[in-house]
Amino acid sequence: MNTYDVIKKPLVTEKGSVAQQECNKYSFEVDRRATKYDIRDAIERVFKVSVTEVRTMKVPGKYKRVGRSVGRTHSWKKAIVSLKEGERIDFLDGV
C-alpha cells in the first residue's frame with residue numbers, strides 16, 4: 001500500500017483538539033484496509049515524527065434520509081496516533 005494512500009485526511013474536531021493539547025494524540029481518517037503498522041509507517045514518513053502508539057476503530061455508516069428516499073453513508077476507519085514527548089504535527093505547514 002502506498003504511503004499517501006493510507007492517510008485520507010486529518011480529523012479536526014473539538015474533542016480531537018483537546019486530545020492534541022493535553023495528550024499529544026492526533027486523529028486521522030485512514031484507508032479501511034490499512035493496518036496499524038501501515039498507519040505508523042505512513043505518519044512517520046509524511047510528518048517526520050516518532051509514533052509511540054496507534055489505536056484504530058471502524059466507524060459504521062449512518063442511515064440518512066432526504067424526503068422519502070433513504071440512503072446510507074460509507075463506513076470508514078479512524079486512527080488515533082500518539083506521538084513521542086515533545087513532538088507535534090502542525091496541519092497548516094503545507095498551506
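Biologist: In which sense do strand S4 and strand S5 pair, and over how many bridges?

Modeller: This is a predicted model. In it, S4 covers residues 63–66 and S5 covers residues 69–72, and the two strands pair in the antiparallel sense over 4 bridges. Tyr63 stands opposite Arg72 in S5. Together S4 and S5 make a hairpin, with 2 residues between them. Gly67 sits in the turn of this hairpin and has a positive phi of about 65 degrees.

Now to the open sheet of 4 strands. Its order is S1-S2-S6-S3, and the pairing is antiparallel. Strand S1 (7–10) and S3 are the edge strands, each pairing on one side only. On average, neighbouring strands of this sheet are turned by 30 degrees against each other, direction ignored. Between S2 and S6, which run antiparallel, there are 6 bridges. Lys25, for example, has Ser82 in S6 as its bridge partner.

Helix H3 lies across S1, S2, S3 and S6, and it runs at about 125 degrees to S3. The largest nonpolar core has 16 residues. Two or more of these residues come from each of strand S2 (25–30), helix H3 (36–47), strand S3 (51–59) and strand S6 (76–83). The residues with the most contacts inside the core are Phe28, Ile39, Ile43, Val51, Val81, Leu83 and Ile89. Leaving aside residues up to four places away in sequence, Ile39 touches Val6, Val30, Ala34, Val54, Thr56, Ala79 and Val81.

Ile7 is found in strand S1. Ile7 counts as buried because its relative accessibility is 15%, and the cut-off for buried is under 20%. With residues up to four places away in sequence again left out, Ile7 touches Phe28, Glu29, Ala42, Ile43, Val46 and Phe47. Ile7 and Glu29 are 22 residues apart along the chain, yet their C-alpha atoms are separated by 6.4 Å.

Helix H2 (14–23), S2 and S6 each supply at least two residues of its lining. Among the lining residues are Leu11, Thr13, Lys15, Gly16 and Ala19. Lys25, Tyr26, Ser27, Trp76, Lys78 and Ile80 also line the pocket.

Notes:
Residues are numbered from 1 along each chain as its sequence is written. This is a predicted model: local features need pLDDT of at least 70, side-chain atom pairs count only at pLDDT 80 or more; totals for chains, interfaces and linings use all residues. Side-chain values use heavy atoms; hydrogens and water are left out. A nonpolar core is a set of buried Ala, Val, Leu, Ile, Met, Phe, Trp, Tyr and Cys residues joined through side-chain atoms within 4.5 Å. Buried means under 20% relative accessible area, exposed over 50%, partly exposed in between (1.4 Å probe, protein chains only). Contact means heavy atoms within 4.5 Å. Two strands pair if DSSP finds at least two bridges between them. Axes are lines fitted to C-alpha atoms, for helices over the stretch in contact, and angles run from 0 to 180 degrees between N-to-C directions. On a 1 Å grid over the protein atoms alone, a cavity is a set of points where a 1.4 Å probe fits but cannot get out, and a pocket is an open set with protein on both sides within 12 Å along at least five of seven lines; lining residues have an atom within 4 Å of a point.
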